[in-house]
Amino acid sequence: MPATQTQKPPSHAALVIIGTGMAGVGLARALRRLGDQRSITLVSADSGDDYSKPLLSTGFAKGLKPDQLAQRSAEELGEELNAQMVIHNQVSTLDVDNQFVLLDEGQMIGYDTLVLATGAAPREPFSIAPSVAPRCFTINDLDDYRRFHTALGHGPARVAIIGAGLVGCEFANDLHAGGHHVSVIAPEGFLLPRLLPPPLGNALGDAFSEAGIDLHLGRAIESIALSDDENSVLQMDNGATVSADLILMATGLVPRTALAEAAGLRVSPSGITVDRQLRTSHPNIYALGDVACVDGVNAMYVQPLQASAKALAATLSGTPTPVSFGAWPVVVKTPLLPVVAYPPTTTPERWRIEGEGGDISALAENKDGRLIGFALTGGCVRRKVELSRAAPTLLG
Ligand SMILES: Cc1cc2nc3c(=O)[nH]c(=O)nc-3n(C[C@H](O)[C@H](O)[C@H](O)COP(=O)(O)OP(=O)(O)OC[C@H]3O[C@@H](n4cnc5c(N)ncnc54)[C@H](O)[C@@H]3O)c2cc1C
């Protein structure tokens, strides 16, 4: 029977994994698939339910209740993995010399090998006044989705989304499809600024505007206040205002490195520093997923973490295996205008942009004319496979 928050956590496991996101669970699954029988304890600050995070930004269009997004409960996951699950429990301290972690409720779990899969936390770009805080949300896990879903209620709501990156754009499209009135506010002048060159970001903006999503781009938030009639009013730097029932902050993610840093492991703003075998600066501690910076790269997408889980499982089972990420184009879930992007890691010499309307392909080239990345919208997304084969791999 798996341990839950109501049961006493085990005092020792051969392998302790902190985090039950796709990285932590993916590693445990990959190990069991290899026939590895060691004792495993997974610790999670959240509910520990098994779910696919990318599906969080597709649930409102389909009218999915939070529990329909959970593929398995933590208890079922523990049974599947033959692992102890310690949920709704935060690891507060990591003692690398004595090889144990301390939970916030004071219990200690010893380990032979430790894996940090603590993901990334939403960035808070400004402080929120207590009066509007109950209307401000982030959605970075299933528990967040549960809270936001409850706050939305049954009728259509006015939702102001702050941020025009992947998470902001996907929720804008999804909430709009779910019947809500959506406004997007962001300081950048076009959508998906870290994934697309301006013409493609503008094409997505046109598709959003035509559908009725209000865009306030190139605008900073000056203040958020509660009006006398209980509306949240977002004031922008041009003096214009947006009234909303709920505010969704989609202002980026920061790797959760505090635990590792306090324990003396090497970290950087990009994550916990690991080598190609996912080993931290401490020999029997590893990291993967959104929290890990692998040989200088923190991808924060599913394909690289799946490659990491597979490689680390092999390494821990006795076959040292460096991870290769390959080329991982990002499929942005904006049905109003499909988008695929594989952004270049260095500034391109030029973007070769072709197409019209919403069907655009943009190829990033270096000074020798070699393809170093690409972005596709509309009907051009069908070029994804062909261009992925031609694009350079990272950590190849
Ligand atoms: C809305 C949305 C849509 C996305 N869509 C896509 C997509 O289409 N394609 C794609 O490739 N990527 C997508 N991503 C990114 C992708 O989902 C993430 O890269 C991936 O899920 C990260 O998994 P992870 O396991 O590293 O981290 P997380 O899922 O964040 O898991 C971290 C875990 O660590 C636990 N934890 C943290 N600190 C502690 C602690 N101190 N003690 C105990 N537990 C702790 C947390 O509770 C959690 O269980 C999307 C992300 C979001 C938010």
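Colleague: What should I keep in mind about the numbering and the model?
Modeller: The model is predicted, with local features needing pLDDT of at least 70, side-chain atom pairs counting only at pLDDT 80 or more, and totals for chains, interfaces and linings using all residues. Residues are numbered from 1 along each chain as its sequence is written, and side-chain values use heavy atoms, leaving out hydrogens and water.

Colleague: Why is the Phe60 and Phe148 pair called edge-to-face?
Modeller: Rings of Phe, Tyr and Trp (its six-membered ring) pair if their centres lie within 6.5 Å; planes under 30 degrees apart are stacked, over 60 edge-to-face, the rest tilted. Here the centres are 5.7 Å apart and the planes stand at 75°, so edge-to-face is the label. The whole structure holds seven aromatic pairs.

Colleague: What makes this pair a link between distant parts of the chain?
Modeller: Phe60 sits in the loop between strand S3 (50-51) and helix H2 (66-69), while Phe148 is in helix H4 (residues 142-152), 88 residues apart. Helices (H or I, at least four residues) and strands (E, at least two) are DSSP runs, numbered from the N terminus.

Colleague: How do you know that S19 and S20 pair?
Modeller: Two strands pair if DSSP finds at least two bridges between them. S19 and S20 (residues 271-274) have two, in the antiparallel sense, and Val267 has Ile272 in S20 as its bridge partner.

Colleague: What makes the sheet open, and which strands are at its edges?
Modeller: The order is S19-S20-S22, with mixed pairing in an open sheet. S19 (267-268) and S22 (292-294) each have a single partner strand, so one side of each lacks a neighbour in the sheet.

Colleague: Which helix gives the most to the shell around the ligand?
Modeller: That's H5, with four residues.
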